[in-house]
Amino acid sequence: MYDKKIVPTKINSIEKITKDVIKVIFRLPPTSNFNFNAGQYVNLIKGNLSRSYSIANKSNNNNQLEFFIKKYENGLMSKYWFEETKLNDLLRIEGPLGSFFLRDSKIDNIVFLATGTGVAPIKSILESIVESSENFLNKTFWLIIGARYKEDLFWKPNTEKGKINVKYIPVLSRQKEEWNGEKGYVQDVVLRQNIKLENAQVYACGSNEMIQSAKKIFLKNSLKENSFFSDAFVQTN
């Protein structure tokens, strides 16, 4: 594990990717030496405000950190992100934090579940896996991403075809037309894939409701309790 530190950072780019999600890339000082395990999060600090966000890129990425940031109605930090933020704004980053990262194991099936901006730590983990793909050739990675509508699916994996075995399954819970893919909830879709959960690890990131439901369902279907890892997103005003 890497030691937690606080470093200054400036906004390098801001991109609107859906009606209520932006991608923000920060640049760190050349001497910051900010290392983290793929999947971890940080606190972004602006003045007296501090909020937690998962890092969306792998470590050692040109001294930059990428985040997906969702707009919350009446959120104080959301007001900054969506109404006030500008290039070169100075913030502070505290981290790395959290224990949401890929464990070494001989297990064959790795199941990633994500809803909304919960794809951020999954993206980080997958990028690091692709970089060392020779260590994961015998595993199957299930990437099951949930959203309400098609336009809310703002990221899909680019895993350099042929390097690792990734099964990407987008799931929509409210789309009623022009969609031939999976519908409903991500945890139910996992069961429909007939994955052998007794030989699986599950990494779930998103709403607390989804995580609690997924864990309950999977434990009833042979998943071992110590094979479920989660990172819940909780709204804070």
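In the predicted model, strand β2 (residues 21-27) and strand β5 are joined by seven bridges and run antiparallel. Within this pair, K23 has F68 of β5 as its bridge partner. Helix α1 (residues 76-84) packs on the sheet, where it touches β1 (5-18), β2, β3, β4, β5 and β6. The direction of α1 makes about 75° with that of β4. Helix α2 (residues 119-131) also packs on the sheet, touching β4 and β5, and its direction makes about 150° with that of β5.

The sheet itself is open and consists of six strands in the order β4-β3-β6-β1-β2-β5, with antiparallel pairing. Strands β4 and β5 (64-70) stand at its edges; each has a single partner strand, so one side of each is left without a neighbour in the sheet. From one strand to the next, the twist averages 35°.

At the β4 end of this order, strand β3 (residues 41-46) is linked to strand β4 (residues 49-54) by six bridges, and the two run antiparallel. Y41 lies opposite S54 of β4. The two strands form a hairpin with two residues between them, and G47 in the turn has a positive phi of about 60°. Strand β3 is also joined to strand β6 (residues 90-97), by four bridges and again in antiparallel fashion. In this second pairing, L44 stands opposite I93 of β6.

Helix α2 has 13 residues, which at 1.5 Å a residue should span 18 Å; the C-alpha atoms at its ends are 18 Å apart, in agreement with that value. Of these 13 residues, 10 are buried, so α2 is largely enclosed by the rest of the structure. The buried positions are V119, A120, P121, I122, K123, S124, I125, L126, I129 and V130. They pack against β4, β5, β7, β8 (140-147), β9 (165-172) and β11.

The buried residues of α4 are M210, I211, A214 and F218. Viewed down the helix axis, these residues fall within an arc of 95°, so they line one face of α4. The face turned away from the buried side carries the exposed residues E209, K216 and K220. The elements that cover the buried residues of α4 include β7 (109-115), α3 (186-192), β11 (200-207) and β12 (228-233). Just after α4, S222 adopts a positive phi of about 85°.

Overall, the protein contains four helices and 12 strands. A compact globule of 237 residues would have a radius of gyration near 18 Å, and the protein agrees with this, having 18 Å. The C-alpha trace spans about 50 × 40 × 30 Å along its principal axes. Of the 237 residues, 48% count as buried. Among contacts between residues at least 6 apart in sequence, 72% join residues at least 24 apart.

Note on methods. Residues numbered from 1 in each chain as written. Predicted model: local features only at pLDDT ≥ 70, side-chain atom pairs only at ≥ 80, totals over all residues. Heavy atoms only, no water. Pairing = 2+ DSSP bridges. Buried < 20%, exposed > 50% of the residue type's maximum accessible area, 1.4 Å probe, protein only. Arc of directions from axis to C-beta. Contact = heavy atoms within 4.5 Å. Axes fitted to C-alpha atoms, helices over the stretch in contact; angles between N-to-C directions. Expected span 1.5 Å × (residues − 1). Rg over C-alpha atoms; globule rule 2.2 N^0.38 Å.
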